[in-house]
Amino acid sequence: MSERKHVIILGGGITGLSAAFYVQKYAKETGKPVTFTLLESSSRLGGKIETITEDGFVIERGPDSYLARKTVMTDLVKEVGLEKDLVSNETGQAYILHNMRLHPIPEGAVMGVPTKIMPFAFTPLFSIFGKARAGLDLVLPKRSDSSRDVSVGHFFRRRLGDEVVDRLIEPLLSGIYAGKIDQLSLQSTFPQFVETEKKHRSLILGMKKSQPKPMKTQQTEKKKGAFLTLKNGLSSIISALRNSLPEENIKMGAKADSVKRLEEGTYSVTLEDGTVLAADHLIVTTPYTVTKKLFGEKMFPSDFHKTKPTSVATVAMEFNEDEVPFSLEGTGFVIAKSEKTSITACTWTSRKWPHTTPKGKVLLRCYVGRADDQEIVHESDEAILSKVLDDLKKIMGVDTKPEKYYVSRMIDSMPQYEVGHEEYVKQLRGTFEKELPGVLLAGAPYDGVGLPDCVDSARNAVERLLSK
């Protein structure tokens, strides 16, 4: 690379900001003249990440944490100087609501797969038939066509039966993807289970073997949580990323209207206000529908993301401690799809993340909106709150209104990874490489919906562009 290269990054969410950070890092480490411009169409950065900090509360309007085992996110947190702010979640019993009763998730269940027999055998969550059907996993052969992608629902129903899927696995997994598990791609969402079946045949035996054995010194220590967040909220990483980048390289309220490839192999990006910007490369992190509109239908596989992204909403509520009767220890519950409730889950945030809540207060966060029923998301704040409180009264005995509440809607925010997702992504990127070399697609529509997945997608895009 002998001449200056300029990268335009479309989108100022976690993927776009991470991409800008890695472009700048690459330039500093290699001494090569690479610059960037980040374009964000709205008036704020961060995309789905937004934190409210008020009166001692730390309330997330979007994601509240990330999986600690996906270390790319922690690496980024360290690089922007926030390592001391990392907080691990408090561990505790989680519950499933079935028949309007909170049942403890059986000890040893890993993403719903039992690894300890006795807790599973004695739970009232499943019938005797349901437990016996799940036990067939111990003798069922592995799939002969294990390389073929199937739905998450199909895979788990074959191995463990409908009861375990509908009452345990579906409510656990729907909180991550807010989708229909009988349409979600197994290979693109939980490839570890594909490998477990290949290697061990039985999911139960395979997951049991894969669980780390506790050291003697650890047995008396408190179990460490699987999730991490930042003590001042996830918005602090958005602020840190922005502060690490030159202000003049970030343009807010700048919506791309069209992209054109020029004869010399470079690109021009025209904004809605008529401004034209030049670039050698583009990293596109916008939502799939925006990207598709920008580059034209012909570039995209016809069946890719044929299901519209799911809309969900959260309701965060502040109470006095004496107003919320906790009859159970734990950190929250998810709800089986068969239940007639408006909410799909409830996190007892002040227990799971104690740093978020002042002493004497309780913070609850409820989720509404299902893949096949999203109408509630579009109702008024007051209507949503009323339905949520009605459910909480029946389930937990909460019989008062919160001192404050925040309804946060994420419209069309959860991309649906349907069967064949990986192949569609491969095909799409192949088309772009051929037709628009130097334009890379990154982020949640392609490489995973979690924050670390988005960061990793950005990092990989920068490496592919600039290491050539």
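Biologist: Which residues does Lys-224 touch, not counting residues up to four places away in sequence?

Modeller: A contact means heavy atoms within 4.5 Å. On that criterion, Lys-224 touches Ser-88 and Thr-91. This is a predicted model, in which local features need pLDDT of at least 70 and side-chain atom pairs count only at pLDDT 80 or more, while totals for chains, interfaces and linings use all residues. Residues are numbered from 1 along each chain as its sequence is written, and side-chain values use heavy atoms, with hydrogens and water left out.

Biologist: Where is Lys-224 found, and is Lys-224 buried or exposed?

Modeller: Helices (H or I, at least four residues) and strands (E, at least two) are DSSP runs, numbered from the N terminus. Lys-224 is found in the loop between helix H9 (203-210) and strand S11 (227-230). For accessibility, buried means under 20% relative accessible area, exposed over 50%, and partly exposed in between (1.4 Å probe, protein chains only). Lys-224 has a relative accessible area of 70% and is therefore exposed. Lys-224 and Gln-93 are 131 residues apart in sequence, and 13 Å apart in space, C-alpha to C-alpha.

Biologist: Which residues in H1 meet which residues in H2?

Modeller: H1 contributes Ser-18, Phe-21, Tyr-22 and Lys-25, which meet Val-72, Leu-76 and Glu-79 of H2. By class, this contact of H1 with H2 has four nonpolar, one polar and two charged residues. Here Ala, Val, Leu, Ile, Met, Phe, Trp, Tyr, Cys and Pro count as nonpolar, Asp, Glu, Lys and Arg as charged, and the others, Gly among them, as polar.

Biologist: Which residues in H2 are buried, and what covers the buried residues of H2?

Modeller: The buried residues in H2 are Val-72, Met-73, Thr-74, Leu-76 and Val-77. Their cover includes H1, strand S5 (66-67), strand S6 (86-88), S11, helix H10 (235-243) and helix H16 (451-466). Just after H2, Gly-81 takes a positive phi of about 85 degrees.

Biologist: How many aromatic pairs does the structure hold?

Modeller: Rings of Phe, Tyr and Trp (its six-membered ring) pair if their centres lie within 6.5 Å; planes under 30 degrees apart count as stacked, over 60 as edge-to-face and the rest as tilted. The structure holds 16 aromatic pairs. In one of them, the rings of Tyr-177 and Tyr-417 have centres 6.2 Å apart and planes at 50 degrees, so the pair is tilted. Tyr-177 lies in helix H6 (residues 162-177) and Tyr-417 in the loop between strand S21 (404-414) and helix H14 (421-435), so the pair ties together parts that are 240 residues apart in sequence. Tyr-177 counts as buried at 7% relative accessibility, and Tyr-417 counts as buried at 1%.

Biologist: Why is the pair of Phe-295 and Phe-432 edge-to-face?

Modeller: The ring centres of Phe-295 and Phe-432 are 5.3 Å apart and their planes are at 70 degrees, so the pair is edge-to-face. Phe-295 lies in helix H11 (residues 288-295) and Phe-432 in helix H14, so the pair ties together parts that are 137 residues apart in sequence. Phe-295 counts as buried at 13% relative accessibility, and Phe-432 is buried at 1%. Both belong to one aromatic cluster, formed by Tyr-288, Phe-295, Phe-300, Phe-304, Tyr-424, Phe-432 and Tyr-446.

Biologist: Over which ring does the charged end of Arg-351 sit?

Modeller: A charge sits over a ring if NZ of Lys or CZ of Arg is within 6 Å of the ring centre and within 35 degrees of the ring normal. The charged end of Arg-351 sits over the ring of Phe-326, 3.9 Å from its centre. Lys-352 lies over the face of Phe-227, at 5.1 Å from the ring centre.
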